[in-house]
Amino acid sequence: MTAPSRHVYVHVPFCARRCSYCDFNIAVRREVPVREYLDALEAELTARLPDHRHHRIETLYFGGGTPSHLGKDGLAAAVGLLGEFFQWDADAEVTVEANPDDITPLALATWKAGGVTRLSLGAQSFDPHVLAWMHRSHTAEQVLTAVDHIREVGFTSWSFDLIFALPASLQRDWARDLDLALGTDPPHLSLYGLTIEPGTPLGRWAERGEVAAADEGTYEHQFLSAHAAATAAGLEHYEVSNFGRPGHQARHNRCYWSGAPYLAFGPGAHGFDGTTRRWNHGPYARWRDTAMRGVDPVAGQETIGSEARGLEAAYLGLRTTDGLRLDAAGRAVAAPWIAAGWAVLSGDRLVLTPTGWLRLDTLANAITPASAHT
């Protein structure tokens with residue numbers, strides 16, 4: 001590690017079931033082995049950080065999987081465990097991904113007292129038929145009840161996750177889902193277009209011809225309609241998939257988009273020190289057993305060369321409203337995009353518009369590393 005990171009990610013793999021679209025590194029468990037997981041996490045932290053204990057961090061993010069599946073006390077213990085290895089800044093952001101059916105007033109109060117400052121609520125939809133098709137474990141009513149509890153307990157920073165561009169055969173009413181989500185006045189909203197990944201239930205349905213991906217026109221229409229509705233409600237569209245009110249943008253995720261170093265722990269977790277990306281063993285049992293032997297459970301690593309860093313900087317920079325600083329050659333490449341309404345120049349920085357974000361991959365690849373600057 002070249003320097004202590006200011007950001008930490010912890011992967012909690014457990015889920016009650018696998019969602020139909022999910023290809024994440026998860027472990028489906030009816031009974032969550034909370035104590036076993038915490039012991040293995042402590043063993044990994046001890047092996048990884050013999051000389052870097054107690055340095056200060058500004059963001060801590062529990063992702064998954066379903067971190068809230070650790071339960072009221074298990075999640076609080078996980079936050080406390082990280083506190084034995086790191087010190088948070090006074091205004092640190094501590095985020096937990098949570099399923100609506102795990103949200104209770106007592107759980108929220110326990111997490112808040114333990115240091116959690118922000119929740120990311122996996123709503124995905126308010127349509128019962130869609131939730132069942134996704135294999136989600138919660139109901140639409142539980143989403144709204146969870147929001148009420150979040151407010152009652154006093155969390156001021158929280159986010160909704162919604163998925164758009166579902167197969168037309170589901171007849172999902174995207175406008176209704178947007179209205180219901182925005183009607184709760186969320187401080188933050190994350191929207192993700194559905195992708196069909198091999199090996200998932202959805203991937204198998206598609207292979208059998210039982211379902212088809214939404215067409216490009218539907219994807220574009222739903223993305224742009226979400227932009228219009230969310231910005232009209234006072235949320236800033238500050239990154240391709242993210243909208244936030246002032247003071248509620250996801251600070252941890254911004255570290256990824258800016259290329260900042262971050263530490264990562266847990267099965268399958270990926271970390272980055274500024275030049276080298278490393279990742280842990282993915283299968284839960286292998287990660288657990290390796291860590292419990294006192295061995296760092298890293299599975300591999302790669303050094304990111306200058307050309308790859310340049311390409312990555314172009315892609316990450318263009319994802320956000322911070323944009324990407326370009327030299328004269330880069331601005332010449334981008335001139336047709338500006339004329340087409342896909343981008344604007346703000347000083348010497350190129351910032352994509354929502355229609356430009358729909359073409360992000362193509363535009364980022366057209367910017368040469370020599371033309372782009374962070």
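Reader: Is E302 buried, exposed or partly exposed, and what is the relative accessibility?
Author: This is a predicted model, to start with. E302 counts as partly exposed, at 38% relative accessibility.

Reader: Which residue forms a salt bridge with E302?
Author: R277 does. The closest N and O atoms are 3.9 Å apart. E302 lies in strand 14 and R277 in strand 13, so the pair ties together parts that are 25 residues apart in sequence.

Reader: And R277, buried or exposed?
Author: R277 is buried. Its relative accessible area is 17%, and the cut-off for buried is under 20%.

Reader: How many salt bridges are found in the whole structure?
Author: The search finds 17. One of them joins the side chains of R6 and E58, at 3.5 Å from N to O. That pair links distant parts of the chain, 52 residues apart. R6 sits in the segment before strand 1, while E58 is in strand 4.

Reader: Which residues are linked with R6 and E58 in a network of salt bridges?
Author: R56 and D89.

Reader: New topic. How many cavities of 30 Å³ or more are there?
Author: One. The largest cavity holds about 40 Å³ of space.

Reader: What lines the largest cavity?
Author: The lining includes F164, L191, F223 and H237. Six of the lining residues are nonpolar, three are polar and none is charged.

Reader: Which helix gives the largest share of that lining?
Author: Helix 8, residues 216-232, with three residues.

How values were computed:
Residues are numbered from 1 along each chain as its sequence is written. This is a predicted model: local features need pLDDT of at least 70, side-chain atom pairs count only at pLDDT 80 or more; totals for chains, interfaces and linings use all residues. Side-chain values use heavy atoms; hydrogens and water are left out. On a 1 Å grid over the protein atoms alone, a cavity is a set of points where a 1.4 Å probe fits but cannot get out, and a pocket is an open set with protein on both sides within 12 Å along at least five of seven lines; lining residues have an atom within 4 Å of a point. Grid points are joined across faces, edges and corners, and a volume is the space filled by probe spheres set on the points. Helices (H or I, at least four residues) and strands (E, at least two) are DSSP runs, numbered from the N terminus. Ala, Val, Leu, Ile, Met, Phe, Trp, Tyr, Cys and Pro count as nonpolar, Asp, Glu, Lys and Arg as charged, and the others, Gly among them, as polar. A salt bridge is a side-chain nitrogen of Lys or Arg within 4 Å of a carboxyl oxygen of Asp or Glu. Buried means under 20% relative accessible area, exposed over 50%, partly exposed in between (1.4 Å probe, protein chains only).
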